[in-house]
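Dear colleague,

I am passing on the structure we talked about, and below it you will find my notes on what turned up in it. Please read them with the coordinates open beside you.

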Amino acid sequence: MNIDNVFAGRKALITGGLGFVGSNLAIRLVELGAKVMLIDSLIPDYGGNLFNIESIRDQIEINIADVRDIHSMRYLVQNRDYLFNLAGQVSHTDSMTDPFTDLEINVRAQLAIVESCRYYNPEIRIIHAATRQQYGRPLYLPVDENHLVQPTDVNGIHKTAGEMYQMVYTRVYGLHSTSLRLTNIYGPRQLLKHNRQGFIAWFIRQALEGGEIKLYDGGEQVRDMVYIEDVIEAMLLTAASDKAIGEIFNVGGLRPISIKEIADTLIDLTGRVSCHDEPFPEHLKVIDIGDFYTDSGKISNALGWKPKVDLREGLEKTLQYYEKHKEHYL
Ligand SMILES: NC(=O)c1ccc[n+]([C@@H]2O[C@H](COP(=O)([O-])OP(=O)(O)OC[C@H]3O[C@@H](n4cnc5c(N)ncnc54)[C@H](O)[C@@H]3O)[C@@H](O)[C@H]2O)c1
């Protein structure tokens, strides 16, 4: 499907729009001619960063608001064609130390969002960001959408609940949602300030600063990293297709990649960073999911989406971006 003309003049609302995925999506939607409004609470320590949308700042509306505020949400969902629902507490470790904040944002606020849509804009096309973390430790690989949902952490439980609201409200009240279960994403505009939002961003920071990458148990664990541009393409293709309504799709990477290969590629690309092996810290090991890679066959068959960017190319582009704009991220 060609999405070039789908979004021109259409009104898109992005929750979490100043974060990593949201800002890259906003930039692409502006390129496609959409009228974009962002909602973001800019909670310190989360991924929101005004610099992320520097290049389109004059072309979009920004609402510094919290999705937990149902009164704001009731108003803000009105008269919009698309809702890209990306706001979230995304740190797995934070969900274990502060489970109630994760509950408020990833569950209670999610209920407020579907309720707002139900009463104030039931026609809005919703793309919801879910996560591969919902599957927990894989029973088989690659993991398809029929795999049991058995999260290993609080964030996975809450993201599952958030997704289920979307599905139930679509079935029962006729909302128009699709949920995308996203694997590990990397690329420009991701938070690098601390190491609680996924290992890849922290590896990139070490590569930028000439630091040291810690590999747990030799870094043999496998993931299927997906480059941000591929994720944005999946979101837009999904939003453009009515046959995706009510569906849950996995969005995975091009191939299984060991964590060690990611570290080695960064070493190769920068020559600046080193790595060393450590035992897995206990508090991380208990919520780790072991090896994971996604079967993205369902979205591929339904919408023709496939990831295109391989690791080396994606990391090169990512490093180039941060080299240029370091002071806004470190
Ligand atoms: N990045 C990944 O690898 C990944 C993988 C799977 C799923 N996801 C999902 O994708 C979505 C976006 O993730 P991201 O990587 O861009 O994270 P991010 O932290 O960069 O962006 C999330 C944004 O949401 C905002 N936000 C958080 N709580 C809010 C609230 N209560 N009200 C308003 N705004 C709030 C934050 O300020 C931030 O800007 C999340 O729902 C996440 O669970 C991301």
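**Backbone, helices and sheet**

D217 is found in the loop between strand 8 and strand 9 (222–223), and please bear in mind from the start that this is a predicted model. The phi of D217 is near 50°, which is a positive value in a residue other than glycine. Most residues other than glycine have a negative phi, and most peptide bonds are trans.

R189 is buried, because 25 other C-beta atoms lie within 10 Å and the cut-off is 20 or more. As for the peptide bonds, the one from L141 to P142 is cis, with omega near -10°, and P142 belongs to the loop that runs between strand 5 and helix 5 (154–173).

Turning to the sheet, seven strands form an open arrangement in the order 3-2-1-4-5-6-11, and their pairing is parallel. Strand 3 (61–64) and strand 11 (248–251) stand at the edges with a single partner strand each, so one side of each is left without a neighbour in the sheet. On average, and with direction ignored, neighbouring strands of this sheet are turned by 20° against each other. Strand 2 and strand 3 pair in the parallel sense over four bridges, and M37 stands opposite E61 in strand 3. Helix 7 packs on the sheet, where it touches strand 4, strand 5, strand 6 (176–182) and strand 11, and its direction makes about 160° with that of strand 6.

Helix 1 (residues 20–31) has 12 residues and reaches 17 Å from its first C-alpha to its last, which is close to the 16 Å expected at 1.5 Å a residue. Helix 1 is mostly covered, with 10 of its 12 residues buried, among them F20, V21, L25 and I27. These buried residues pack against several elements, including strand 1 (11–15), strand 2 (35–40) and helix 7 (228–239). After helix 1 comes G33, whose phi is positive, near 90°.

Helix 6 (residues 199–209) is likewise mostly covered, since nine of its 11 residues are buried, including F199, I200, F203 and R205. The buried residues of helix 6 pack against strand 7, strand 8 (212–216), helix 8 (259–270) and helix 11 (311–325). G210 follows helix 6, and its phi is positive, near 70°.

By class, the contact of helix 4 with helix 5 has 10 nonpolar, six polar and three charged residues. In helix 4 the residues that take part include L103, V107, L111 and R118, and those they meet in helix 5 include V154, H158, Y165 and Y173.

With best wishes

Terms used:
Residues are numbered from 1 along each chain as its sequence is written. This is a predicted model: local features need pLDDT of at least 70, side-chain atom pairs count only at pLDDT 80 or more; totals for chains, interfaces and linings use all residues. Helices (H or I, at least four residues) and strands (E, at least two) are DSSP runs, numbered from the N terminus. The expected span of a helix is 1.5 Å times one less than its number of residues. Two residues are in contact if their C-beta atoms, placed from the backbone, lie within 7 Å. Two strands pair if DSSP finds at least two bridges between them. Axes are lines fitted to C-alpha atoms, for helices over the stretch in contact, and angles run from 0 to 180 degrees between N-to-C directions. Ala, Val, Leu, Ile, Met, Phe, Trp, Tyr, Cys and Pro count as nonpolar, Asp, Glu, Lys and Arg as charged, and the others, Gly among them, as polar.
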